[in-house]
Amino acid sequence: MASAESVLKKCKAGGSRIDFATSPEQYRHWQLEVEGAVARLTLRVQEDAPLHPGYELKLNSYDLGVDIELYDAVQRLRFEHPEVGAVVVTSGHERVFCAGANIRMLAQADHALKVNFCKFTNETRNGIEDASTHSGQRYICAVNGPAAGGGYELALACDHIILIDDGSSTVALPELPLLAVLPGTGGLTRLVDKRRVRRDHADFLCTASEGVRGPRALEWRLVDELAPRSRFDDAVAERAEEIAAEGSRPRAGEGIVLSPLTREFSEDEIVYEYVIVKIDRQLGSAFFEIRGPNNAPPVDAEGIRRQGDQFWPLALARELDDAILHLRTNEGDVGTWVFRTVGDANLAQAYDDLLLACADHWLAREITLYLKRTLKRLDVSSRSIVSLVEPDSCFAGTLLELALASDRCYMLDGVLDDDDEPATVRLTGMNFGPLPMVNGLSRAEARFLDAEELEEHIGRSLDAADAHELGLVTFIPDDIDWEDEVRLALEERASFSPDALTGMEANLRFGGPETLESKIFGRLSAWQNWIFQRPNASGSQGALQAYGTGARAEFDRRRA
């Protein structure tokens, strides 16, 4: 088996596999500094260190490698620095903040990489907003030069935007006039839903490639504050201290270290401690085995802190998150993900009960929020999701969310061997609120749009008949039909158009209300996915290819 380190070296050398594991000492593009209650994330992109060869990261433009580091930094601030109440995001270059996603990278990337890049970048921006909303760790964007495209979208994900008022610095979303695409990381939605920018003002911003300067940007609510160059650093520092003082972070809290994941890769298998993924390439399926805890949980929040990143729910979240990102980005032909679990449901429920009992403690809260974000990442992945509930399964509480997230769930009615105990599933309090989807509903609510009566069954071991009657599973074959039904279902899935499946699944998964997140992953992702494939953007005479050449893009003027 190849080690994770060798895989990372292959990626750095220009190999095809993209690795999402990093740490501050490996950063090439970001610098993370912490001083008391204020952290500083400084973007100084190394131009000659793109994720893939063929382009330079000029003007603090970014590719997926830059955003992988940002994602890691946001995670570490939440877990390793509970004392931090304010995070300043700024540029390490004078007179330029960020030019957004690198155009040369987008022009040479295949369609799948473009879409996965936008999706991951969206998830990272949403993670920043999640930290602000739920963790008391608020973000200030110190825009010390022009912020264009994804650079301004990074600012929009922050709570407070301070723009340097030097007569030349602007905020801009120039994707439409320059590239014939849309802002790919939620800019349109955040303008009107989050910042309440007027529609006509937003229309002007999105069609003016030069952007909007200080006084007008402030008047139109595109930024929150202006500061002259002579007072810019002082204004940022004052605002950061003020916001940090208002926060709820535990100033005396002791963080935990997120140590490197233990992983082993082979051609068709990834092995972590609690997650094993085996790929059947002929069937186009990845089979996840999720292992429940081996031991009883600690008794209190201090016990959680002592276990650190070895605490089972946190270890599970980190491993599953990494596996999802790896498969989604590097295994595009593997279109169906099949989840099995194994373990003791009583132990799994005990961990859920502990997290719920310690919900007011910062670390227990962060772990639950991380589980929430990881399951959201699963929901919005363009893959068919199937769960198989068998004897020795451990679909309880948090792990039951995998079954509830599935497009279909099969549960064995009976046993396969004489010494088996029948399969069961179990609801816990974690299934009713702490782990919502992007639309704000629990997965139980999303399935039924009214799940109150299910709460009566919290803590009960439900057999196949009970689970089927309650609507928690789709089919309950007996031992005679089990293998054939599962096999036929997976073969049928593999025979369908992946494009049509992606559209069908995304439409069916997110019923009910809309939120900023659901609009980004539903409306924006769908439109961006389509626009990226159109000749006007990606054709040989399209805007992405013509950008920077001096030639004008040739557009098909028909509205579709």
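Where in the chain does Arg221 lie? Arg221 lies in the loop that runs between helix H9 (214-219) and strand S10 (225-227).

1. The model is a predicted one, and the points below should be read as computed from it. Arg221 has a phi near 70°, which is a positive value in a residue other than glycine, and with a relative accessibility of 45% Arg221 counts as partly exposed.

2. Two other residues with positive phi deserve a look. Leu59, in the loop between strand S3 (38-43) and helix H2 (64-80), has a phi near 55°, again a positive value in a residue other than glycine; at 55% relative accessibility Leu59 counts as exposed, because the cut-off for exposed is over 50%. Arg196, which comes just after helix H7 (residues 187-194), takes a positive phi of about 60°.

3. Within H7 itself, the buried residues are Gly187, Thr189, Arg190 and Leu191. The elements that cover these buried residues include H4, helix H5 (150-156), helix H8 (199-207) and H20.

4. H4 and H20 also pack against each other. The axes of helix H4 (residues 111-134) and helix H20 (residues 516-533) come within 10 Å and cross at roughly 160°, which makes H4 roughly antiparallel to H20. The crossing in which H4 passes H20 is right-handed. By class, the contact of H4 with H20 has 7 nonpolar, 6 polar and 5 charged residues. On the H4 side the residues that meet H20 include Val115, Cys118, Lys119 and Glu123, while on the H20 side those that meet H4 include Ile520, Phe521, Leu524 and Phe532.

5. Strand S16 (residues 384-389) is the next element to inspect. 6 of the 6 residues of S16 are buried, so this strand is largely enclosed by the rest of the structure. In a regular strand the side chains alternate between the two faces of the sheet. In S16, Ser384, Val386 and Leu388 point one way, whereas Ile385, Ser387 and Val389 point the other way, and all are buried.

6. Which strands pair with S16? Strand S15 (residues 336-342) pairs with S16 in the parallel sense over 4 bridges, and strand S18 (residues 408-411) likewise pairs with S16 in the parallel sense over 4 bridges.

7. S6 pairs with strand S8 (residues 170-172) in the parallel sense over 2 bridges, and in S8 the bridge partner of Ala147 is Val171.

8. Is Glu401, a charged residue by class, buried or exposed? Glu401 is found in helix H15 (residues 400-404) and, at 1% relative accessibility, counts as buried. Leaving aside neighbours within four places in sequence, Glu401 is in contact with Leu375, Met430, Asn431, Leu435 and Arg443.

Conventions
Residues are numbered from 1 along each chain as its sequence is written. This is a predicted model: local features need pLDDT of at least 70, side-chain atom pairs count only at pLDDT 80 or more; totals for chains, interfaces and linings use all residues. Side-chain values use heavy atoms; hydrogens and water are left out. Buried means under 20% relative accessible area, exposed over 50%, partly exposed in between (1.4 Å probe, protein chains only). Two strands pair if DSSP finds at least two bridges between them. Axes are lines fitted to C-alpha atoms, for helices over the stretch in contact, and angles run from 0 to 180 degrees between N-to-C directions. Angles under 35 degrees count as roughly parallel, over 145 as roughly antiparallel, 65 to 115 as roughly perpendicular and the rest as oblique. A crossing is left-handed if the near helix is turned anticlockwise from the far one by less than a right angle, and right-handed if clockwise. Contact means heavy atoms within 4.5 Å. Ala, Val, Leu, Ile, Met, Phe, Trp, Tyr, Cys and Pro count as nonpolar, Asp, Glu, Lys and Arg as charged, and the others, Gly among them, as polar.
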